[in-house]
Amino acid sequence: TPAISALDYAANFAQFFEKRAKDKPFAFWYGGTEPHRRYAPGSGAKLGGKKPADIDRVPRFWPDNDAVRNDMLDYAFEIEHFDTHLGRIIAQLEKAGELENTLIVITSDNGMPFPRAKGATYELSNHMPLAMRWGKGIAQPGRKIEDYVNFVDFAPTFLEIAGVGESAAGLQPFGGRSLTPLFREAAPVAGRDYTIIGQERHDVGRPGDVGYPVRGIFRDGFLYLKNFEPGRWPMCDPITGYLNTDGSPTKTLLLAQNRQGINHWLWELNFGRRPAEELYDLKADPDCMVNLAARPEHATRREALQKQLFDDLKKTQDPRLEGKGEVFDKYRYSGLADFYEKFMKGEKLQAGWVDATDFEQAGFDPERPLAPKK
């Protein structure tokens, strides 16, 4: 489709692989632009042969209808495009006799580009797919690891496997830990019963280009979140169309329904302000719909998770915990710090700053004054 890149990722790998130094290790990063938005509407059904009924489950914070389900099918169609190229790459490694000697890591950089997922801090925002294969290095292949792991663990893993220590590489100590014990052991690894997450800025769309600071901890099937600026809009301000959520049919539907007085509670979940603390039981509530933070029966757990989170943040000297969080808000965001002010003044935006379609799909609040959409 026109929304899918014309790049032949697998052919790029083949060219790289052919030109590599045969007597040295190699590293190749296959970073597909799919399934990043935008999608060709209806492509999942028309080209992928899928039906809305094929969706096993729609998260409870979106309306369950054909519009949302087809949006999910279009997303799935582009994931399959990514997977097809991955399969070709793996086949090339196998043909060359290098598959068993190659560590393959497949993951994603953020949650699915839908409301309350990408750019947020919930289960669907942070629980990324992760599959790792290394025929000569991972014992008992096929195991599913339930321990918590984090992106910060990748760098020390790769350096350890390469026989390069952090000090030898001239690097500062890592916050993460090597995953190689998980390659060898079937039993849980000590110290991997929790992981820390954090967010500052993800997109433009607030006065002064400030962010929405959050710190959180996953442990024992629960998620605790501390929102340091609950007075701010987490998905960016209504007047800019909640730009921290990608434009999509699902987003447009949610905002349109809210204007019509339908499903306001879903609008609140996806775009509304949040309390200072949130606590979710992920086993009973994987969609993070019911905030348990204020319930007396969960006070002990909430306090324990907050203490562990804050203790970790103190060790790393997190400025947000030390009352110096404004340092994050003062960093310029990729040259876009003036975006909000220019937009509010109705000035013509520099080409490439934002796609006009994002504004059209964003669904502005008609009760608020607006600068021109384009």
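Which residues in α3 meet which residues in α7? Before getting to that, keep in mind that what you're looking at is a predicted model. On the α3 side the residues are Ala 67, Val 68 and Asp 71, and they meet Pro 249, Thr 250 and Leu 253 in α7. Sorted by class, this contact has four nonpolar residues, one polar and one charged.

Let's step back to the whole chain for a moment. It has twelve helices and six strands. Of its 374 residues, 42% are buried. If you take the contacts between residues at least 6 apart in sequence, 66% of them join residues at least 24 apart. The accessible surface comes to about 19900 Å², and carbon and sulfur atoms account for 54% of that.

Now for the helix pairs. Two packed helices are described by the angle between their axes and the distance between the axes. Helix α3 covers residues 66-95 and helix α7 covers residues 249-259; they pack at an angle of about 160° with their axes 9 Å apart. Angles over 145 degrees count as roughly antiparallel, so that is how α3 runs relative to α7. The crossing of α3 past α7 is left-handed.

Helix α3 has another partner in α1, residues 9-19. Here the axes come within 8 Å and cross at roughly 25°, which makes α1 roughly parallel to α3. This crossing is right-handed. From α1, the contact uses Tyr 9, Ala 10, Ala 11, Phe 13, Ala 14 and Phe 17, and these meet His 81, His 85, Arg 88, Ile 89, Gln 92 and Leu 93 in α3. By class that gives eight nonpolar, three polar and one charged residues.

Go back to α7 and you can follow the contacts on to α8. The axes of α7 and α8 come within 8 Å and cross at roughly 130°, so α7 is oblique to α8. The crossing is left-handed. Lys 251, Leu 254, Leu 255 and Asn 258 of α7 make the contact with His 264, Leu 266, Trp 267, Asn 270 and Phe 271 of α8. Those residues divide into five nonpolar, three polar and one charged.

Is Asn 270 buried or exposed? Its relative accessibility is 0%, so it counts as buried. Leaving aside residues up to four places away in sequence, Asn 270 touches Phe 61, Trp 62, Pro 115, Arg 116, Met 235 and Leu 254. Its C-alpha atom is 9.1 Å from that of Thr 245, a residue 25 places away along the chain.

Finally, the backbone. Most residues other than glycine have a negative phi, and most peptide bonds are trans. Where does this chain depart from that? The loop between α1 and α2 holds Pro 35, which is joined to Glu 34 by a cis peptide bond with omega about 10°. Arg 38 is in the loop between α1 and α2 as well, and the bond from Arg 37 to Arg 38 is cis, with omega near 20°.

As for phi, Asn 263 has a positive value near 55°. Asn 263 is in the loop between α7 and α8, and at 27% relative accessibility it counts as partly exposed. Cys 288 also has a positive phi, about 55°, and lies in the loop between β6 and α9. With a relative accessible area of 0%, Cys 288 is buried.

Definitions and conventions. Residues are numbered from 1 along each chain as its sequence is written. This is a predicted model: local features need pLDDT of at least 70, side-chain atom pairs count only at pLDDT 80 or more; totals for chains, interfaces and linings use all residues. Side-chain values use heavy atoms; hydrogens and water are left out. Axes are lines fitted to C-alpha atoms, for helices over the stretch in contact, and angles run from 0 to 180 degrees between N-to-C directions. Helices (H or I, at least four residues) and strands (E, at least two) are DSSP runs, numbered from the N terminus. Angles under 35 degrees count as roughly parallel, over 145 as roughly antiparallel, 65 to 115 as roughly perpendicular and the rest as oblique. A crossing is left-handed if the near helix is turned anticlockwise from the far one by less than a right angle, and right-handed if clockwise. Contact means heavy atoms within 4.5 Å. Ala, Val, Leu, Ile, Met, Phe, Trp, Tyr, Cys and Pro count as nonpolar, Asp, Glu, Lys and Arg as charged, and the others, Gly among them, as polar. Buried means under 20% relative accessible area, exposed over 50%, partly exposed in between (1.4 Å probe, protein chains only). Accessible areas come from the Shrake-Rupley method with a 1.4 Å probe; for residues, only the protein chains shown count as cover.
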